Amino acid sequence: MELNVLRYIVLSPLIGFLINGIGGKRLGHRAVGLVANATVLISFLIGVYAFTVLLSMPVNERLLTDTVYTWISAGALTIDVKLMMDPLSVVMALVVSGVGFLIHVYSLGYMHEDRGYARYFSFLNLFMFSMLLLVLSSNIVLMFVGWEGVGLCSYLLIGFWYEKDSAANAGKKAFITNRIGDYGFLLGLFLLASSLASKGVLSLDFTAMAGHVALLSPAVLTVIGVLLFVGATGKSAQLPLYVWLPDAMEGPTPVSALIHAATMVTAGVYMIARMNFLYVLAPTALEVVAVVGALTALYAATIGLVQNDIKRVLAYSTISQLGYMFMGVGVGAFSAGIFHLMTHAFFKALLFLAAGSVMHALSGEQDMRKMGGLRTKIPVTYAVFLAAALAIAGIPGLSGFFSKDSILAAAYGSGHTVVWLLGFITALLTGLYIFRLMSMTFYGESRIDEHTAHHIHESPKVMTVPLIILAALSIIGGYVGVPRLLGNIFGWHDSDMFVHFLAPVFPVVPAHKMPVAVETWLMIGSIAMAVLGVFAALYVYVTKRMQPAKSAAQAVPGLYRLLLNKYYVDELYNAVIIRPLMALSRSFLWKFFDVWIVDGTVNGSAYVTEWASARLRKIQTGDFQVYVTIFLIGVFSVLAYFVLR
Amino acid sequence: MISHVLIAIISVLLVAAYLAAVLAGNPVYSALSMGIAFFLTALLFVLLGAPFLAAVQVIIYVGAMLVLFLFIVMMFDLNKSSLTPVRFKPSTILSYFLIMLVLLTGFFVARSVVRMPSGFAITGFGSARNIGFNLMHYYLLPFELASFVLLVGVFGAIAFIKNRRGT
Amino acid sequence: MDFLRENILSVVIFLPLAGLLAGAFINRESKSALRWLTLAVAVIEFAVSLLLVVWFDPSATGMQLVERYTWIPAYNIEYHVGVDGLSLLLILLTTFLTPLVLLGSWTYIKKQEKDYYLWFLALETGMVGVFASLDLILFYVFWEAMLVPMYIIIGVWGGPRRIYAAVKFFIYTMFGSLLMLIAIIYLYFAHGSQTGAYTFDVLKLYGTYLPASVQGWLFAAFALSFAIKVPLFPFHTWLPDAHVEAPTGGSVILAGVLLKMGTYGYMRFAMPLFPAAANAFLPYLAVLAIIGIIYGALVAMMQPDIKKLVAYSSVSHLGFVILGLVALNIQSVDGAVLQMVNHGLSTGALFLLVGMLYERRHTRELSEFGGIAKKMPVFATIFMIATLSSIGLPGLNGFVGEFLILIGSFFAKPAYAVFAGTGVILGAVYMLRTYQKVFWGRTTNAANEGLKDMSPREIIVMVPILIMIVWIGVYPKPFLAIIQSASKSYIQYVRPRAAALPVYRQGPAFRTPERLK
Amino acid sequence: MNYQLLFVLSFVLFVVGMIGVAMRRNVIIVLVSLELMLNAVNILFVSASKYLHTLDGQVFVIMVITIAAAEAAIALALVVRLFRTMGMVKIDDLKRLKW
């Protein structure tokens, strides 16, 4: 069904961007904030309206489209600017605009003092535009526009405080790493387009592709799937392209919450879910996704265990949680992955915003070794933080539990035992690192220096209200997707609502049906792991005042240092790729090859000519009589030739 | 027949005059020899049926150009810089003029030999009228261009010689 | 109006020359009169050239708005001009950039202003003439004629090594074009002896039958000439020198228009005239183009001088255009033509901006800058947009061209796109590195403290380019519509059998996937 | 009449003049030789005119004489100029064109 208001969901933040971007400084703080927030709110409200329209439609016809205009048309290749909204996009759009709106509101308070207030909000609006375009586009190229657009905003916002070299570097790193992923994505896109074209279908529309990918051979589909996933590893910070995300914490905290936790980084998951029609036909590619996701989840969680910067812990946690999502979609449980995406958006945004509130209270301090005992000083922040921490740890009853459990169940149920095991261990680590963070920040005695301690204050309402809303969502957000098992136990009819809602988009996962006993034991197991992690962290960091952690670090200093330095991956990339490439470019290609060989040949031929003419020039005495004589000799030679021949 | 003989004689003299002009050590002698060569040429022209040209030859070459050359040489004493330190002798110069005088007489003799019709070549093959007719009809444009070149030459010469202030 | 319509191309070609004649009578001391006159001429020229678009019919194939007069009857040389989509866009690019460049040079040029502005008008005539000519000799005349003004612009108003750069530029280009002249003459006689009609009309010469070996040589002559102009690796070394030494206006026109003459030459002359040879040479050209893309980007990455960096980036970008031309399908060729325009806009914008920076600081060394964003926010914003356009961010012009080229070359041969695609990554690397070094970080250099942001005049110079950058990025359809018939006939000339390739069926309109029913 | 002889004569004269132009170092003598070369050509023209019995040759002679006069005027002016500025008229000193 054609629904032409869809375009305003996307357009509204763009208008906000233009007003704030051009008008910016002249408008004043109040107007800038109003415009930025209002435009996002409008998007959200239209999204809700579209959602209701969607709900009113028959289940299998739930699809709204909005063709705006033809963008590119070259030969048979036509790419429209066309938006579509199906259950998957509406979930994404609502999460993006809803969480986005809350973060916008929060930013009003957080960024109030900042010089680049208008710039900040215009970038944020541009981000909303790109992200909404990404999730609502109806073809893969338009999606790529949003894909790159969010990358740009990420770059601009990470480098928002561009005077800090670390921020500038981090922004650049993020963009370039993403570009490497995008390269894979583009190749996948090209391969998809060309192989479809060879079957006589030159369309990049999702629905058109969905109807025709079955024509392609599994090998081609696998390659396409893996290439697209390379793009996802860049955008969603998976191994091996995750390196930009921890550095991205240089940006303002609401940006970390919005872009680097709740929305943009999940674009990769969304993309794979969107392309599910392709991935289900390429099981090997899905296998790759699942394994990479599981490995990333574990890998990032181990690093998160030892980091001391509050935002970095959260960053690695994000990477780890994204790994869960990929694990979910990788084992074919697309709705579980998206479910976790949604709940993660709530609690991770909340974690970041709350961390921002902590930093706000501590005059910008980010090192957890200089925190502690904040529980009583900033109670609202503490309360919401605790809710989020419990949610992410997977404590039953909170949103994270439902989503994470359905992923693990799907992994086990589909026979991916190793993947499940990795996820299972990660569940323990999750509880451990997040409560390590809680302990170091909120419990125990204060390690805050005198001066800072004096200024501790709770954040203003404009910041705490979004926190509370998000906390509520983190707690109850999971109930839209209560697993059938629990639903049966508690006698809820509407259990697994989320899966049902998304069912028209995703293929049913047959492996999900396993014996109730196994499922129950799995659930109990993961609850046990989460609880174990939480209590272990509390025991080590609160009861024993970090002593066990310190002695453990001393016992295996090598391992500790390895984790602290993030497995030296940055250094490895630096030594293996970046430096050699720079050295090659500078010393060989430019200074030697270009200057000496290529230009040397050009100039060399000029020099040879010059040298030869310097010699030949001696003939030119400048004496005109010599010239006359030579000329006469020539004339007579010619004459002689004609006379004597 | 007489004309044939005369042509032969004049040819020999022409070669001699040319050699004298080219090989002369002194530019004055060279120029004078050139004058003689021009006279001889005029004679030849008369014998070859071009009396008008003969007259022009004498008037322009001998009357104008030779004088110009001599004038320049004399005025600036160009000998000073020439490599050959030969001084010119008045007697030699006089003899050159004598030769010219003889040749001038020869010119009239030659004219009588070829027996021009009455009046100085008013009509006939190489007559002024015919040449003039040709010039003004078939060669009008080149003729005018030549005159223009001459005019430009005059201006150019003046411009060169003019002593500009400061140079 | 009828007169104008019938002679519109000649008007566009010679209007700047008329302006030059008028300007010649202005006293060289009245500089502002000269400036305004040339600017007015250039603006009127642009307005008149817009009439070309009005009268151009995108759906028709072949040349339009043709004018044809005998010029040198003895050799059947004609004054024969006309436009198709390709030349139309490039003419518009020329007339669009020239007034901006003139306005941009307002305060940059500080000596012999009169000569500068008048030479620029001469240059414009030459450039438009090159793009409009359909007679090979006429083309050659304009091609060479346009060298002279550029030579003088670099040589007189350039930087410290301007003479070296100007001479290198001139002789290098001349070297190639002489080979082309010989090939033109050969072609003339070959065609004449076959058909009895001696002509330099390129449209008639398209069908000339030539043995493969001869085609090879002639194609090599043409291709070399244009490769130098493009510049295709490894004929690129004149470019960094010329760009670095040229004054801002010279750099903009050099990058924006002159380099396009090389690619234009490939598309109009070298490839369609010698299709057999072109097909044989295609893989080599593609490899050179790809090497150029990667090599240009890698070398650009390490340049300490901003202008040199942009110059090497041009090598990289033009590699994309050539790749698009040799991939020989409608997407890649459309993309290549659009990319010619895009490169003119984005690189032109970058050179203008670097020029503004140079005017303020008299240096282009990256290490001299840092933290400029704080001093010149407007400038930093505009520079960012130009940078993003240059690295092909979707939504801006660069993406549409690069995307079409890459997808087209992938259709032709996946390996092309695989290698060329790395240029997309490297492009981001060197441009962002530059941007960071210039604009971000703290202002450490005291000389940068007092920098003034852009003046209204400078903003006026940049705004039209920015509008075009966004326009082509967001709504490229009108441009693609203009291009399409030109690229179709190009493909048909070069690969006549391409028509027999499977015609892609349009994907079905929206349909619910089978398994959901 | 043996016209060949006349043609040979003009040729010989021309060569003699050429030798002067090529060999002599005094500018004046070079110029004289130049005039003599032109004169040799004139002789050829007139002979040919008689031989072919057309007047064109004679008309050309008029032209040649005109041009010769102009040339002599310019050349001598140059000599004067040269003498004034450089104080010499030796041909082999005139190598300024070669640097």
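This is a predicted model: local features need pLDDT of at least 70, side-chain atom pairs count only at pLDDT 80 or more; totals for chains, interfaces and linings use all residues.
User: Why does the radius of gyration of chain C agree with a compact globule?

Analyst: The radius is taken over C-alpha atoms, and the globule rule is 2.2 Å times the number of residues to the power 0.38. For 517 residues a compact globule would come near 24 Å, and chain C has 23 Å, so the value agrees. The C-alpha trace of chain C spans about 75 × 70 × 45 Å along its principal axes.

User: What share of chain C is called buried?

Analyst: A residue is buried if 20 or more other C-beta atoms, placed from the backbone, lie within 10 Å of its own, exposed if 12 or fewer do, and partly exposed in between. Buried residues make up 59% of the 517 residues in chain C.

User: How many residues of chain C and chain A take part in their contact?

Analyst: Two residues are in contact if their C-beta atoms, placed from the backbone, lie within 7 Å, and here 54 residues of chain C and 52 residues of chain A take part. H18(C) gives the largest share of the chain C side, with twelve residues.

User: Which element gives the most to the side of chain D that touches chain B, and what classes of residue does that side have?

Analyst: In this contact, 50 residues of chain D meet 52 residues of chain B, and H3(D) gives the most to the chain D side, with 21 residues. That side has 32 nonpolar residues (Ala, Val, Leu, Ile, Met, Phe, Trp, Tyr, Cys and Pro), seven charged (Asp, Glu, Lys and Arg) and eleven polar (the others, Gly among them).

User: How confident is the predictor in chain D?

Analyst: On pLDDT, the predictor's confidence in each residue from 0 to 100, chain D has a mean of 84, and 88% of its residues reach 70 or more. The model scores ipTM 0.76 and pTM 0.82.

Notes. Residues are numbered from 1 along each chain as its sequence is written. Chains are lettered from A and ligands numbered from 1 in the order in which they are written. Helices (H or I, at least four residues) and strands (E, at least two) are DSSP runs, numbered from the N terminus.
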